[in-house]
Structure formats: C-alpha cells, structure tokens
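Work through the exercises below with the sequence and the model at hand. Each task is followed by a solution in steps.

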Amino acid sequence: RTINPKFLYYGLKQLWLNQFANRTSQPNIAQPIILAQKIPVPPLAVQEQLVSEIVLLEGIILEQGKQIEQAGASKRLVLERYL
C-alpha cells in the first residue's frame, strides 16, 4: 500500500515514541517496541486529504501565534509608556 510521507510523519509523531525511551544518558527505544506500534493507513486519497487539513490548520496556528506575540508586544509598550 502506498503511503504519503507527510502522513507517515504525522502518524509517527502521534505515537509519542519518546514515552518508550529508556531514561539513560543516551535514550533509546528497543526495536520490538517500535515494531509493535500501529499506524492506520487509509487509502492514499484519504491520507492526502488529512495531510491537507493538517497543513492548513498548522498554518492557522502559526498565524495566530504571531498575532498573539504581536498583541503581547503591544501590551508591553502600553504598560511601559503609561505605567
């Protein structure tokens, strides 16, 4: 079955693999633990639709984060100017 690379990326991120890492100075995850994880793989058209939606939402989140930063900077200027 074909898999969209970005879909795989988001699927792997969703697994939170760090939770399985040992807590040594060089954290690692045993191969059997990784191989036991499952990522559902829908048809390619569905994967592409999901990736498009995620990318769109990430763009919105990024833009709103910039607006929040700008609002914070504006607030600091008002506080510095008047208080």
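**Exercise 1: helix packing**

H1 and H3 are roughly perpendicular to each other, a class that covers angles of 65 to 115 degrees. The model is predicted: local features need pLDDT of at least 70, side-chain atom pairs count only at pLDDT 80 or more, and totals for chains, interfaces and linings use all residues. Residues are numbered from 1 along each chain as its sequence is written, and side-chain values use heavy atoms, with hydrogens and water left out.

Task: find the angle and the axis distance at which H1 and H3 pack, and the hand of their crossing.

Solution.
- Helices are DSSP runs of H or I with at least four residues, numbered from the N terminus.
- Helix H1 covers residues 5-14, and its angle with H3 is about 65°.
- The axes of H1 and H3, as lines fitted to C-alpha atoms over the stretch in contact, are 9 Å apart.
- H1 and H3 make a left-handed crossing, in which the near helix is turned anticlockwise from the far one by less than a right angle.

**Exercise 2: a surface patch**

Task: state which residues form a nonpolar patch with Ile61, and classify isoleucine 61 by accessibility.

Solution.
- Isoleucine 61 belongs to helix H3, residues 44-82.
- Its relative accessible area is 60%, so isoleucine 61 is exposed (over 50%; buried is under 20%, partly exposed in between, with a 1.4 Å probe and protein chains only).
- The patch consists of Leu56, Leu57, Ile60 and Ile61, with about 400 Å² of accessible area together.
- Patch members have over 30% relative accessible area and no salt bridge, and nonpolar side chains are joined within 5 Å.

**Exercise 3: the H1-H2 loop**

Task: describe tryptophan 16 and serine 25.

Solution.
- Tryptophan 16 sits in the loop between H1 and H2.
- Tryptophan 16 is not a glycine, yet its phi is positive, about 50°.
- Its relative accessibility is 61%, so tryptophan 16 counts as exposed.
- Serine 25 is also in the loop between H1 and H2, and is exposed at 71%.
- Serine 25 and proline 40 are 15 residues apart along the chain, with 33 Å between their C-alpha atoms.

Notes:
Patches are made of residues with over 30% relative accessible area and no salt bridge: like charges are joined within 9 Å, nonpolar side chains (Val, Leu, Ile, Met, Phe, Trp, Tyr) within 5 Å. Accessible areas come from the Shrake-Rupley method with a 1.4 Å probe; for residues, only the protein chains shown count as cover. A salt bridge is a side-chain nitrogen of Lys or Arg within 4 Å of a carboxyl oxygen of Asp or Glu. Helices (H or I, at least four residues) and strands (E, at least two) are DSSP runs, numbered from the N terminus. Axes are lines fitted to C-alpha atoms, for helices over the stretch in contact, and angles run from 0 to 180 degrees between N-to-C directions. Angles under 35 degrees count as roughly parallel, over 145 as roughly antiparallel, 65 to 115 as roughly perpendicular and the rest as oblique.
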